[in-house]
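Hello,

Here is the structure for you to look over. My notes follow below it.

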Amino acid sequence: MKRMAYIEFKDVVKEYKMGEVSIKALNNTNFQIEKGELVVIVGPSGAGKTTALNILGGMDTATSGEVIIDGKNIAKFKNKQLTKYRRDDIGFVFQFYNLVQNLTALENVELATQICKKPLDPKEILVKVGLEDRLKNFPSQLSGGEQQRVAIARAIAKNPKLLLCDEPTGALDYKTGKQILQLLQDTCRKENMTVIIITHNAALTPMADRVIHFKNGTASNIELNDNPVPISEIEW
Amino acid sequence: MKKALLKDCFKEIIKGFKRFISILLIVLLGVGFFAGIKATSPDMKATLDKYFDDQNVMDIQIISTLGLTDEDIQELKKLEDIDNAEGTYQTDAIITAGDEQFVVKMESIADSINVLNLIDGRLPENENECVVEERFLEGTNYKIGDTIEVQVDNITDDDGNEINLLKNNVLQIVGIVDSPMYISTDRGSTKLGSGVINYYLYVYAGNINTNIYTNIYLTVKGAKNLRCYKDEYEDKVQSAEDKIEEIADSRKEARYTALYDKANQKFQDAKNEFETQKTDGEKELQDAENEINSAKKELENGRDELAANRNSANKKFADAAQQLEDAKKVLQDNEQTFNNSKQEAENQINQYEESLKQLKAIQTQYNSLKTTLSNDEDETKKLTEELQTLDEVEDAERIEEINAQLTELNQEIAKIQAGLLVIDNQLSAQGITDINQTVTETDSALQSAKNKLQEGQNQIDSAKRELEAQEQQLNQTKNSTYSQLNAAQSKLNSSEKQIEEAEVELNNARDEFNSKIADAEKKLDEAEEEVNSIERPTWYILDREQNAGYVSYIQDTDRVANLAQVFPIVFFIVAALISLTSMTRMVEEQRVQIGTLKALGYNKIQIASKYIIYATLATIIGGMIGIFIGFSLLPKVIANIYAMVYDIPEVILEFNMTYATIGMLAAMICTIGATIFSCYKELKQKPATLMRPKAPKPGKRVFLEHITFIWKRMKFTTKVTTRNIFRYKKRFMMTIIGVGGCTALIIAGFGLRDAITGMIPSQYGKIDKYEISISLNEEYKNEDLENIDNIISGYEQSESILNANVQSVTIDKDDNTQSIQLIVPQNIGELSNFIVLQSRTNNDEKYTLNNDGVVITEKLSKLLDISVGDEIKLVNADDKECNVKVTGITENYIYHYIYMSPELYNQLYNTRIGYNVIYVNAPEMSEEEEDNLGKQILQNKDYISGVTFMSNTEGIFSEIMDNMDLVVWILIISAGLLAFVVLYNLLNANITERIRELATIKVLGFYDKEVYDYISRETIILTIIGMLFGIGGGYFLTLYIIKTCEIDMLMFNPQITIWSYLFGVLITAAFAIIVNIITYFSLKKIDMIESLKSVE
């Protein structure tokens, strides 16, 4: 029997019904990801990247197909199981950070860790992401990069199996974006965490262990990169 | 307005339907409540006005103390203000149903005024028929067609004769009516039965046996066109009343003169008759006396005669007795003499008898000797003869024997002859020749001596017998004479007795006559006094303001109007707040659009108009529906509540333009003002700024974070909650006002109920401890008071009695005059067992009456602003004025009272106070016994004016109070709606405004419950804070409502029970829980992906 990959997308279909019309956001998508990989998903808008990521992150469910994560088919999960899955196994990073405005940097991290089984120390993580001086600042007092760091810290602190990032640099300037990607790469390497990054910027692909190309609602091409390049060496 | 913009506006409404609805709904509530409650009172009043117009209810009523006549009516009709005038006769009567007696107010039916509202059957058409109210049939179990007997007191006609009031007392019930004169359940009080009038009854006017009226009802020209609760009506009626006053005096004088002349004539006749009767009586007495005197004289004569007779008889008998005595003496002497001679004679007789005895012995001896001789001689002869016969041989023996015998015999003969010779000699010596003859002679001599003695004895005896006979005869005569005398005596005695009796009789007759005369004189005096004291009649000119039902109805509607002042305000404030939050959110959400429009060159007004139209539409639609529902629903609901107490037709719903406009305008100001306010902030900004997403509202530290030692100890979730609560200030305010308002309204509802219902147990349990009060009218005398006291003491359950003087007095202070009951207890010390005088705030502080001043009730002190130590001016029932100091202010809830000691009263008014009210403590008395007692006391109706049982009074009040429950329900429902709208709005705001935050924590893996907790912790705390404010607010709201609703006569008990607070909180909590459940499901439905989609 073939060895099962850490993450496996098998014939996943996601169909949205808009009245009479039904739109297939994902159409028979198949890919595999191994544990500890840094994965970049690239493709144009509307190719189904985010839908795939949402299904992977337990925020959405597939219409059909199997989504196997660490041996479990989450496609069959009920709502509550999905919540538990998100809670224990997933860390999310969004384009617009989605920090709770009324909580300080530290508190935003704590918001995530307080519900986890084996969280990392929020302060340590924030120090690691370089925000030791910003612990008690509110999001509105932080720059975009700093906010995204807090968001990453919040995701990492949960000590998840999977770190999912949806256009994490989309709202950031070049330099800050680079720093964030560095942080994500470092996290992957140092913490041996599986990190999946969605981006529309194909220039980023060299940093990944695996690159999944999305087109028209399906993973059109999967490349394995034997020698990923550190982000500092990539220019775009 | 550009077409495109308008289209956008409508699309917005459809898109943000929830928001539109929430504004619409709160406006609906606010305007609906405002308009509805405001319209209720006018609607109810208009209903009453129409009913009164339809039934042609009197505007003015005249009652005269001497009755009213057709002439009065004619004169009144001549007045130009008067439209019509009709008279009726009204009195209290008793109806028996089963074992129960009911007191009814009986009145004759007027032709066209106070038209009865026929419910069933028909109106009376002849003197044998009557109509009754529906409650009458319910209470007595009679039905239409049944016959009842009306017991009613006879009346005195103008000639002073007692006549039946009704031509026919047995009446058939032919119909059920509602009388517009009795719209409330209050039928007034009476001197009959137990003192309460149970029902009313109308009889055919022709059944009244007199042409005198008790009432004249008048309608005023043009009054019908006016609303009877308005000032114009009152002015019109007042001016008509003034006109009536002008002719009143001459009418009263006419009536007085008529009655006076008749009464006086009658008095004069009676006086004349009295005089003749008096003279006749006196003469009769004189005759009787004369007769007695002559009888007395006769008696005297008889007595003298008898005495004379007796004397002569005594003398005669004394003489006779003397004679008899003398005769006896003679007899005794004779007897003595005889006895002496008797002895002699007896001695002689004894001699004779002795000698006779001797002689007889000799004679016997002689005779026996002779016989023996003869026998011997015979023997001898016989023997001799024999001898001769005998042969001497043969009978030798015998001869010898005979010879022997013969010899013997011869010897013997010789001896005898010798003896005889001796005797003869002896006898001869004594001169006796023949013994036998001597014996005979002696014997006869003896016999004769004896006879002689006997004869003497006989003579003596016969003399004695004669004497005895004489004595006996004397005695007989004496007895008969004396018995005759005695008979005469007793005859005299009996006639003396007769005379005595006659004298007693005469005296009695005289006494009787005197007392009769005295009585008659007194009566005559009284009659004269009565004639002289025929008081000039008083006219009571009353209008609808004096109709108990009308007044309490108007007061009740005013109370509703007062309530209407308060509640809608809360709704309007909340409407403003909800509009503010909703519109702010809407404007904020559309800042990009606003920016675009601005960039396109639309001016501020054009852009703002979209939101203003949006808000205006919501307001107008909500307001219209609110006005429609409010006007049609609330007056109906509230009027139906009151319909339980009042007999009036279904409420008339009127469209009240004023309140509709005011309500709508107020709502507009709230919503549109809020909209403009929210637009203004955004519109000020540059288009470029608006195009950028709005910086999220920055997080802020709350002051608690600076108190590190507390903040450090707080749990993470607590910190988050704390910060969030303070973050959204508008929401904070809205929650507090909404939830607080809800709690406050419910507390106020229950508090109002507490305050009103609390009055009754407080007044009739805590303060007035007596169970019965009996009032006497002016006619009573002191012994009547005792009589009643005795009746009451006869009831085992009556524990104690207190006499008091109760009178109506007035107090003047700063131009404010109040009419108050002055209570002067006979016994100051006893008062506390009947009426407790104490401070409301400190029940341990009791007041005792003393001579320094008076104790007044609390509401009175508030109304007139009197405090302890102030002097008040009291005018008593006799219009005497005096100043007195206030020494205490006592707890009291119903009516006003002043308490004074009798000494102080006497001193102040320089009089000796009398007592006209009796309070009785009888806590254990059963209703049945109360009934009996009431009836027994009311039998003395000459001087009893009424008996009041606290149980009745309490009952009447309790019934009214039951209706408060419904008011409370209205408050709870409105409060609930408020809470619901506010909390639901809050929920919506929370979800839409914070949807990203919520989606984020969902993505983070918060379970549904945790997400719910994250939000609900805030709402729960806000709700609790709101409730706390609501508790405080409820307290003040209750006080405010009490102040606005309270009428002068009452003081609500401003104590809100813990239960009211509890209910306020619990009911609010229940609404909050419902909203929280909805929240739970709304949160569950949040779509993470949709919510976290990048902004535009």
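This is a predicted model: local features need pLDDT of at least 70, side-chain atom pairs count only at pLDDT 80 or more; totals for chains, interfaces and linings use all residues.

Asp54(B) comes first: it counts as partly exposed because it has 13 C-beta neighbours inside 10 Å. (The cut-offs: buried means 20 or more other C-beta atoms within 10 Å of its own, exposed means 12 or fewer, and partly exposed is in between; C-beta atoms are placed from the backbone.) Asp54(B) is part of helix 2 (residues 17-54) of chain B.

Residues are numbered from 1 along each chain as its sequence is written, while chains are lettered from A and ligands numbered from 1 in the order in which they are written. Helices (H or I, at least four residues) and strands (E, at least two) are DSSP runs, numbered from the N terminus.

Chain B has an open sheet. Its 4 strands run in the order 2-12-1-13, with antiparallel pairing. Two strands pair if DSSP finds at least two bridges between them. Strand 2 (82-88) and strand 13 (539-543) are at the edges with a single partner strand each, so one side of each has no neighbour in the sheet. On average, neighbouring strands are turned by 20° against each other, direction ignored. Strand 1 (residues 60-68) and strand 12 (residues 213-220) of chain B pair over 5 bridges, in the antiparallel sense. Gln61(B) stands opposite Tyr217(B) of strand 12. Helix 3 (residues 70-78) of chain B lies across strands 1, 2 and 12, at about 165° to strand 2. Axes are lines fitted to C-alpha atoms, for helices over the stretch in contact; angles run from 0 to 180 degrees between N-to-C directions.

Now chain A. The axes of helix 5 (residues 144-157) and helix 6 (residues 174-191) come within 9 Å and cross at roughly 15°. That makes helix 5 of chain A roughly parallel to helix 6 of chain A (under 35 degrees; over 145 is roughly antiparallel, 65 to 115 roughly perpendicular, the rest oblique).

Last, the interface. 23 residues of chain A are in contact with 24 residues of chain B. Contact means C-beta atoms, placed from the backbone, within 7 Å. Helix 2 (79-89) and helix 3 (105-113) of chain A each supply at least two residues of the side that touches chain B.

Best wishes

Technical notes:
Two residues are in contact if their C-beta atoms, placed from the backbone, lie within 7 Å.
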